[in-house]
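Colleague: I have the model open here, can you walk me through some of its local features?

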Amino acid sequence: MSSTTATILIVDDEKNALASVSQGLKLEGYTSLTASSGEEAVEVCASEAVDLVLLDIIMPGGMNGIETLTKLRQAQPDLNVVMMSAQKEIGTAVKAMELGARNYLEKPKTVSEILLAVSPYLELSRLSRENEVLKSQIGDKDEMIGAGGTTQQLRSQIGQVASSDLSVLITGENGTGKQLVADGIHQQSQRNRKPFISLNCAALPDELIESELFGHERGAFTGAAHQRRGKFELADGGTLFLDEIGDMSLKAQAKVLRVLEYGEIQRLGGSQTLHVDVRVIAATNKDLEKEIGDGTFRQDLYYRLNVVPIYVPPLRNRQDDLPQLVQYFVLRFHRDNARSTKTIDPSAIRVMQSYDWPGNIRELKNIVERLLIMVPRDVITANDVTAVLPVTREVVAQIDSMSINLQPQSNSSLQKMVDEAEKNLVLQALEDNRWNVKQTAEQLKIERSNFYKKLAKYNIKRPDDEPYSE
């Protein structure tokens, strides 16, 4: 955490110790608050935004450290509290950790030693605050998350193709987010007020896929008791996303080709020709050129679909997006399941980045949710991740040797990651609000003066070099 933004509360009944630590923290650039009793500490935390509390255990009269810890955690379950005591009491330390204290330090400690010990929790606090910005970006469905160069390039492709009505073929492994790309194209197109209809071609047997695509009349086949509109009719004026089109039968492929060429369909069992205006986006995890050679996919349909090809890379090739993806899935899980907030330690994320993720983003989401459910503590560590991922001992040892949580360079790396994520969110919000500073600052809940500072910090300028609108 940047020393210019972190606020630390020191709670100690010894006035000299209180003044000494407070002054030392201020010299290091931190905002320092003080309290000489547990009752006063509870009041301060209720009225001030505190990132971390240094709490003395033994305080005569009123609430002692353990009682104060209990009160603070009840009011703010995510508050970082580090206990301090001049007496080494193992039982008290264990109880404090069970009640949610992050750490237990023995006095006396220099300010440098204190900062070295608490730096991981200050970083976690910063990530928690950055998550508040991400929350404003989370809607009712998944989004394309990531600030890495590969993801930015993918977003650029989506923007470029969205303005046209050209057919798009999205390729990539399972679980990479091909449907998110298709949905992004639709949402940025002029068809975004019309339906976005999707069909997984691999999930249906051959005898049903034509009925799903084109609909059927009553009595068209056994069990067809009513007329039914197909996906092409439902998507009229909008977009039809055909996922895993490589699994579609040759007979159905021929009918899809006719729709692309003439914009006409017929329901099964019917004779009436219906005209539809549908943009088709297809996706597959197969090599369609190989499927053409094997005689299982029509070459003419391939050329009609592959007007604009978009490749979605696997997660192992975009590991720089992983920290932001993890934060996103944590927020979504907490919001959807109303559970107490948990944090994933930066060292745990490093372990995740050492894994190849054969199941891609879908697998990452499942692992994050499993950790949030199964780990009983507020902070998920590297050891928790290694218990559910097949990471080699050599990799874990290498990560441990880096002392990620305590080394200053890890702070720099994390700072760079968070800054990049924040810059991306600011840019996206500006574009969504047509570069209107007032609306964007209100959306992100940032004072306008601070928002201008962020624009200067990240050297963000309008593409047309025009002044910002108010």
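Modeller: Before the strands, a definition: helices (H or I, at least four residues) and strands (E, at least two) are DSSP runs, numbered from the N terminus, and two strands pair if DSSP finds at least two bridges between them. This is a predicted model, in which local features need pLDDT of at least 70 and side-chain atom pairs count only at pLDDT 80 or more, while totals for chains, interfaces and linings use all residues. Residues are numbered from 1 along each chain as its sequence is written, and side-chain values use heavy atoms, with hydrogens and water left out.

Colleague: Okay, which residue in β11 is the bridge partner of T239?

Modeller: The partner of T239 in β11 is R279, and the strands involved, β8 (residues 239-243) and β11, pair in the parallel sense over 4 bridges.

Colleague: And in what sense do β6 and β11 pair?

Modeller: Strand β6 (residues 168-171) pairs with β11 in the parallel sense, over 4 bridges, and there V168 has I281 as its bridge partner in β11.

Colleague: How many of the residues of β11 are buried?

Modeller: In β11 (residues 279-284), 6 of its 6 residues are buried, where buried means under 20% relative accessible area, with exposed being over 50% and partly exposed in between (1.4 Å probe, protein chains only). R279, I281 and A283 point one way from the strand, whereas V280, A282 and T284 point the other way, and all are buried.

Colleague: Switching to helices, at what angle do α13 and α14 cross?

Modeller: The axes of α13 (residues 322-337) and α14 (residues 346-353) cross at roughly 120 degrees and come within 10 Å, with axes being lines fitted to C-alpha atoms, for helices over the stretch in contact, and angles running from 0 to 180 degrees between N-to-C directions.

Colleague: Which residues make the contact?

Modeller: On α13 they are L322, P323 and V326, and on α14 they are I349, M352 and Q353, taking contact as heavy atoms within 4.5 Å.

Colleague: Last topic, what is the phi of N360?

Modeller: Phi of N360 is near 60 degrees, which is a positive value in a residue other than glycine. Most residues other than glycine have a negative phi. N360 is placed in helix α15 (residues 360-374), and it counts as buried because its relative accessibility is 0%.

Colleague: And where does W435 lie?

Modeller: W435 is in the loop between α18 (408-432) and α19 (437-444), and its phi, near 65 degrees, is likewise positive in a residue other than glycine. W435 has 10% relative accessibility, so it counts as buried.
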